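Have your viewer open, try each task, and then read through the solution.

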Amino acid sequence: TKESELLGMQKASEAVAITLKEMIDYAQPGMSTKELDEFGAQVLSRFGAKSAPFLTYKFPGWTCISVDNEFCHGIPKKSRILKEGDLINVDVSAELGGFWADNGCSFVVGQDLNHHQKLVNASKEILRKAISNIKGGVKIADIGHLMETEAKKHGYKVIKNLGGHGIGRGLHEDPEELMNYKNRLDHRRFKKNSVVAIETFISTTSTYAVDTRDGWTMVGNKGGYMAQHEHTIVVTDGAPIVLTEMNGIFN
């Protein structure tokens, strides 16, 4: 609603975007996900930002790091060692000065030995396309429809119980459940000047994410792999302002 709020969102978004970018660059085979998480925590603290999953949910880590068949909310562990060709997802969200921002990226560690890059590229492309179609007045369900249609074109499915969300003064705000498919009962529209975290959940075989024994990590109901990419954006009358652009996930 005012310039100072945009400034606050830009600062929080810069913190999560740079943290994500530096974590992607830092990740390498032989490293534990705990080590990668601790590195991310250092970058966040450089900005004076606080981990959102820890603040909000007492999550046992500073960032969410999911590897291979783990879809999301993976707990960083000393025992989880990254291998060449692993598909990894890093999701960084944080609070800074009362404002919250969120972004995420799936990528391949080292060389693409297991042919995950195709899935990663599809997820990025779908996020890019979805964001370019969002403006005030656009139906939320229509963007979901676009995401699922694009996923099918690439030969993939979408996860139906994970979605993007509003963000700003808290980690999850209205509008909740910005899904990757067309919910025919959802008549909501994107509002100008609102801030949302738009996320893809593109998968090879599963259509639902289910909890594992640790109570946090989610995997596919039919196994396989999933790629997620996420930006925090401001909805406008034209092209959205991508607040987390400097994470470089589209580069």
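**Exercise 1. Classify Lys-192 by its relative accessibility, and then find its salt-bridge partner.**

Step 1. Lys-192 has 46% relative accessibility and counts as partly exposed; buried means under 20% relative accessible area, exposed over 50%, and partly exposed in between, with a 1.4 Å probe and protein chains only.

Step 2. A word on the source: this is a predicted model, where local features need pLDDT of at least 70, side-chain atom pairs count only at pLDDT 80 or more, and totals for chains, interfaces and linings use all residues. Residues are numbered from 1 along each chain as its sequence is written, and side-chain values use heavy atoms, with hydrogens and water left out.

Step 3. The partner of Lys-192 is Asp-237, with the closest N and O atoms 3.2 Å apart. A salt bridge is a side-chain nitrogen of Lys or Arg within 4 Å of a carboxyl oxygen of Asp or Glu.

Step 4. Asp-237 lies in the loop between β14 (229–234) and β15 (241–242), and Lys-192 in the loop between β8 and β9, so the pair ties together parts that are 45 residues apart in sequence. Helices (H or I, at least four residues) and strands (E, at least two) are DSSP runs, numbered from the N terminus. Asp-237 counts as exposed, at 53% relative accessibility.

**Exercise 2. Which residues does the network of salt bridges with shared partners join?**

Step 1. Start from the total: the structure holds 13 salt bridges.

Step 2. Take Glu-150 and Lys-129, which form a salt bridge with their closest N and O atoms 3.5 Å apart. Glu-150 sits in helix α5 and Lys-129 in helix α4 (residues 117–132), so this pair ties together parts 21 residues apart in sequence.

Step 3. Compare the two ends: Glu-150 is buried at 10% relative accessibility, whereas Lys-129 is partly exposed at 35%.

Step 4. Another pair to locate is Asp-142 with Lys-182, a salt bridge at 3.6 Å, N to O. Here Asp-142 is in helix α5 and Lys-182 in the loop between β8 and β9, so parts 40 residues apart in sequence are tied together. Asp-142 is partly exposed at 36% relative accessibility, and Lys-182 is partly exposed at 30%.

Step 5. The network joins Lys-129, Glu-150 and Lys-153.

**Exercise 3. How many disulfides does the structure have?**

Step 1. Apply the rule that a disulfide is a pair of cysteine sulfur atoms within 2.5 Å. The count comes to zero.

Step 2. Check Cys-72: its nearest cysteine sulfur, in Cys-64, is 7.8 Å away. Cys-72 is buried, with a relative accessible area of 7%.

Step 3. Check Cys-105: the closest cysteine sulfur, again in Cys-64, is 14 Å away, too far for a bond. Cys-105 is also buried, at 3% relative accessibility.

**Exercise 4. Which element gives the largest share of the lining of the largest cavity?**

Step 1. Work on a 1 Å grid over the protein atoms alone: a cavity is a set of points where a 1.4 Å probe fits but cannot get out, a pocket is an open set with protein on both sides within 12 Å along at least five of seven lines, and lining residues have an atom within 4 Å of a point. Grid points are joined across faces, edges and corners, and a volume is the space filled by probe spheres set on the points.

Step 2. There are three cavities of 30 Å³ or more, and the largest has a volume of about 60 Å³.

Step 3. Its lining includes Ile-140, Met-147, Phe-190 and Glu-199. The largest share, four residues, comes from α5.

**Exercise 5. Which residues lie closest to the centre of the largest pocket?**

Step 1. The largest pocket holds about 590 Å³ of space.

Step 2. Of its 28 lining residues, Tyr-57, His-73, Leu-162, His-172 and Glu-199 are the closest to the centre.

Step 3. For the second largest pocket, the volume is about 430 Å³. Its 18 lining residues include Thr-1, Glu-5, Asn-193, Ser-194 and Val-195, which lie nearest its centre, and α1 gives the most to this lining, with four residues.
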